[in-house]
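Please keep the sequence and the structure in view while reading.

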Amino acid sequence: SGLGPPQHMPEEKWRELPEDVTKLTSRQLGQYFQGYVSFAEYAEHELATSECLEKSFLERMELRAACLVLKHDALPKWRIDVVIKADQAYSKLLKRLTRVSMKITLLRSVVERYNRRVSLISREITRRQEELNPQRHRIR
C-alpha cells in the first residue's frame, strides 16, 4: 500500500477468499491480504475519480440549465423545464451523469466488499500473532 493511487488495476485476477481462512498458510494469507489491499486501493481511487466526475457533470448541467432559463426567460416555468429536458447538450450530460452514478454505486459495493475481506484477513493475522506470543498481547 503506497501513498499515491495505484497507476493501474492489479493485473492478477484475484480469486475468491476460501471460506475457512484458518486453513491458509501464513504466506497465502499475506498474498491474499496484499491482493485485496491493492484491489481496494484501486477501487477507492476509481471511486474518488468518479465522484469528482459526477460533481463536474452536475455543475455543468446546472450551468446549461441556467443558460437555457436566461435564453427563454419569457416562457412559463413548465415550458422552460420542457426546453431543458429537450436540450441535446443537457441530455448528453444527463446520460453521462447516469452512467457515472451507476459506476459509483458499483464501486462503493466493491470497496466495501474488499475492505471486509482485508479486515477478515487482518483479524486472522492478529489471531495467529496472539497464538505465537500470548503474553505479549495479554490485557492487564
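## Overall composition

Of the 140 residues in the protein, 29% are buried, where buried means under 20% relative accessible area, exposed means over 50%, and partly exposed lies in between (1.4 Å probe, protein chains only). The model is predicted, so local features need pLDDT of at least 70 and side-chain atom pairs count only at pLDDT 80 or more, while totals for chains, interfaces and linings use all residues. Residues are numbered from 1 along each chain as its sequence is written, and side-chain values use heavy atoms, with hydrogens and water left out.

The secondary structure consists of three helices and zero strands. Helices (H or I, at least four residues) and strands (E, at least two) are DSSP runs numbered from the N terminus. Along the sequence, the pattern reads α-α-α. Among the contacts with a separation of 6 or more, 73% join residues 24 or more positions apart; a contact means heavy atoms within 4.5 Å.

Helix H2 spans residues 77-86, and its residues Ile 80, Val 83 and Ile 84 are buried. Viewed down the axis of H2, these buried residues fall within an arc of 100°, so they line one face of the helix. The arc is taken from the directions that run from the helix axis to the C-beta atoms.

The cover over the buried residues of H2 includes helix H1 (26-71) and helix H3 (88-132). On the face turned away from the buried side, H2 carries the exposed residues Trp 78, Lys 85 and Ala 86. Ala 66, which is placed in helix H1, is partly exposed because its relative accessibility is 36%. Between Ala 66 and Ile 84 the C-alpha to C-alpha distance is 9.2 Å, and the two residues are 18 apart in sequence.

How many aromatic pairs does a search of the whole structure find? The search finds three. Rings of Phe, Tyr and Trp (its six-membered ring) pair if their centres lie within 6.5 Å; planes under 30 degrees apart count as stacked, over 60 as edge-to-face and the rest as tilted. One of the pairs is formed by Tyr 36 and Tyr 114, which is tilted, at 5.5 Å centre to centre with 35° between the planes. Tyr 36 lies in helix H1 and Tyr 114 in helix H3, so this pair ties together parts that are 78 residues apart in sequence. Both Tyr 36 and Tyr 114 are buried.

The pair of Phe 39 and Tyr 114 is stacked, because the ring centres are 5.4 Å apart and the planes stand at 20°. Phe 39 belongs to helix H1 and Tyr 114 to helix H3, so this pair ties together parts 75 residues apart in sequence. Tyr 32, Tyr 36, Phe 39 and Tyr 114 form one aromatic cluster.

## The loop between H2 and H3

Asp 87 is found in the loop between H2 and H3 and is buried, with a relative accessible area of 12%. Its side chain reaches the backbone nitrogen of Tyr 90 at 2.9 Å. Leaving aside residues up to four places away in sequence, Asp 87 touches Arg 64 and Leu 68.

Terms used. Polar contact = N/O pair within 3.5 Å; in protein donor to acceptor, adjacent residues only side chain to side chain.
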